[in-house]
Amino acid sequence: RDEFEAFRASLPHRLKRHRAHEEQRVDIEEQDYGVQRSLFFYDPDGNEFEVTTWSDLDIDESADAEFLRQALLLDVRSPEEYAQVALPKSVLVPHTALLD
């Protein structure tokens, strides 16, 4: 959750700093679904991205569920896989770069 909060706080600045063109949207929508929180934003081509984290739940859960509840979900395709499906002008940003 701390990583999600840090990402959320830094996202507006990151979008503006890396803006590819004037028409690129830099707005962010935040949604709280109770069990998860999501941030929605757009790449230079207008494709919507969602970054999600899970909220605290006071229930017994497996180790896998615990991991998913705390995970910051990002696209983890390899550069080769990404190149096969990427739209023109899309940029592969390693998840570690988002958290730096």
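**Figure 1. Order of elements along the chain.** From the N terminus on, the elements run α-β-β-β-α-α-α. The chain has 4 helices and 3 strands, where helices (H or I, at least four residues) and strands (E, at least two) are DSSP runs numbered from the N terminus. The model is predicted: local features need pLDDT of at least 70, side-chain atom pairs count only at pLDDT 80 or more, and totals for chains, interfaces and linings use all residues. Residues are numbered from 1 along each chain as its sequence is written, and side-chain values use heavy atoms, with hydrogens and water left out. Of the 100 residues in the chain, 22% are buried; buried means under 20% relative accessible area, exposed over 50%, and partly exposed in between (1.4 Å probe, protein chains only).

Figure 2. H1 has 16 residues and covers residues 2-17. Its span from first C-alpha to last is 23 Å, close to the 22 Å expected at 1.5 Å a residue (the expected span is 1.5 Å times one less than the number of residues). A kink of about 45° lies at Leu11, shortly before the proline Pro12; the bend at a residue is the angle between axes fitted to the seven residues ending there and the seven starting there. The buried residues of H1 are Phe4, Phe7, Leu11, Arg14 and Leu15. An α-helix has 3.6 residues a turn, so residues three or four places apart point the same way.

Figure 3. The structure holds 2 aromatic pairs. Rings of Phe, Tyr and Trp (its six-membered ring) pair if their centres lie within 6.5 Å, and planes under 30 degrees apart count as stacked, over 60 as edge-to-face and the rest as tilted. Phe7 and Phe41 form a tilted pair, with 6.3 Å centre to centre and 55° between the planes. Phe7 lies in helix H1 and Phe41 in strand S2 (residues 36-42), so this pair ties together parts that are 34 residues apart in sequence. Phe7 and Phe41 are both buried. The pair of Phe41 and Phe49 is stacked, at 5.9 Å centre to centre and 15° between the planes. Phe41 has a relative accessible area of 10%, whereas Phe49 is partly exposed at 37%.

Figure 4. Strand S1 (residues 29-32) pairs with S2 in the antiparallel sense over 4 bridges; two strands pair if DSSP finds at least two bridges between them. Glu29 stands opposite Phe40 in S2. The two strands form a hairpin with 3 residues between them. Gly34, in the turn, has a positive phi of about 90°.

Figure 5. Side chains of opposite charge can pair when their charged atoms come close. The structure holds 5 salt bridges, each defined by a side-chain nitrogen of Lys or Arg within 4 Å of a carboxyl oxygen of Asp or Glu. Arg37 and Glu5 meet through their side chains at 2.5 Å, N to O. Arg37 lies in strand S2 and Glu5 in helix H1, so this pair ties together parts that are 32 residues apart in sequence. Glu5 is partly exposed, with a relative accessible area of 29%. A further salt bridge joins the side chains of Arg8 and Glu30 (3.4 Å, N to O). This pair links distant parts of the chain, with Arg8 in helix H1 and Glu30 in strand S1, 22 residues apart. Arg8 is partly exposed at 32% relative accessible area, and Glu30 is partly exposed at 39%. Glu5, Arg8, Glu30 and Arg37 are linked in a network of salt bridges.

**Figure 6. Surroundings of Arg25 and Tyr42.** The charged end of Arg25 sits over the ring of Tyr42, 3.9 Å from its centre; a charge sits over a ring if NZ of Lys or CZ of Arg is within 6 Å of the ring centre and within 35 degrees of the ring normal. Tyr42 is found in strand S2 and is buried, at 15% relative accessibility. Arg25 is partly exposed, with a relative accessible area of 41%. The side chain of Arg25 also meets that of Asp27 in a salt bridge (2.8 Å, N to O). Asp27 is partly exposed, at 36% relative accessible area. Tyr42 and Val26 are 16 residues apart in sequence and 6.9 Å apart in space, C-alpha to C-alpha.
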